[in-house]
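Let me put the structure up and talk you through a few things in it.

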Amino acid sequence: MRIEVVTLFPEFVSDAVRFGVLGRAIQRGQVTVNPTPPREFGDDAHKTVDDRPYGGGPGMVVKIEPTRTSIRAAKARL
């Protein structure tokens, strides 16, 4: 079984799946987990993945371009 995870924090996913039932399945070669960071697909020099919300206001939103591209890359690997 192959699992693709699109996440801004790939280190957290890699560390978390090493334990428990999923960790044992990975050690046995029954499951592979591949985290895909959208930052790899950022289109500017800083690989930015967030932006200000349309119309202003507090907080940040995730940009669609790097997110969409990372999802497509994860799907292609499956």
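So, let's start on the outside. Leu8, Phe9, Phe12 and Val62 make up a nonpolar patch on the surface, and together they have about 420 Å² of accessible area. Keep in mind that this is a predicted model.

Phenylalanine 9 sits in the loop between strand E1 (2-6) and helix H1 (10-16).

Now for a residue in a strand. Threonine 36 is in strand E2, which covers residues 32-36. Threonine 36 has a relative accessible area of 1%, so it's buried. What does its side chain touch? There's a polar contact at 3.4 Å with the side chain of glutamate 4. If you skip the neighbours within four places in sequence, threonine 36 is in contact with Glu4, Val5, Val6, Thr7, Phe41, Ser70, Ala74 and Arg77.

Okay, zooming out. We've got three helices and four strands, and along the sequence they run β-α-α-β-β-β-α. The chain's radius of gyration is 15 Å, well over the 12 Å that the globule rule gives for 78 residues, so the chain is more spread out than a compact globule. The C-alpha trace spans about 50 × 25 × 20 Å along its principal axes.

As for the inside, 26% of the 78 residues count as buried.

How values were computed:
Residues numbered from 1 in each chain as written. Predicted model: local features only at pLDDT ≥ 70, side-chain atom pairs only at ≥ 80, totals over all residues. Heavy atoms only, no water. Helix = DSSP H or I, 4+ residues; strand = E, 2+ residues; numbered from the N terminus. Buried < 20%, exposed > 50% of the residue type's maximum accessible area, 1.4 Å probe, protein only. Polar contact = N/O pair within 3.5 Å; in protein donor to acceptor, adjacent residues only side chain to side chain. Contact = heavy atoms within 4.5 Å. Patch = residues over 30% accessible without salt bridge, like charges linked within 9 Å, V, L, I, M, F, W, Y side chains within 5 Å. Areas by Shrake-Rupley, 256 points an atom, 1.4 Å probe, with all protein chains shown as cover. Salt bridge = Lys/Arg side-chain N within 4 Å of Asp/Glu carboxyl O. Rg over C-alpha atoms; globule rule 2.2 N^0.38 Å.
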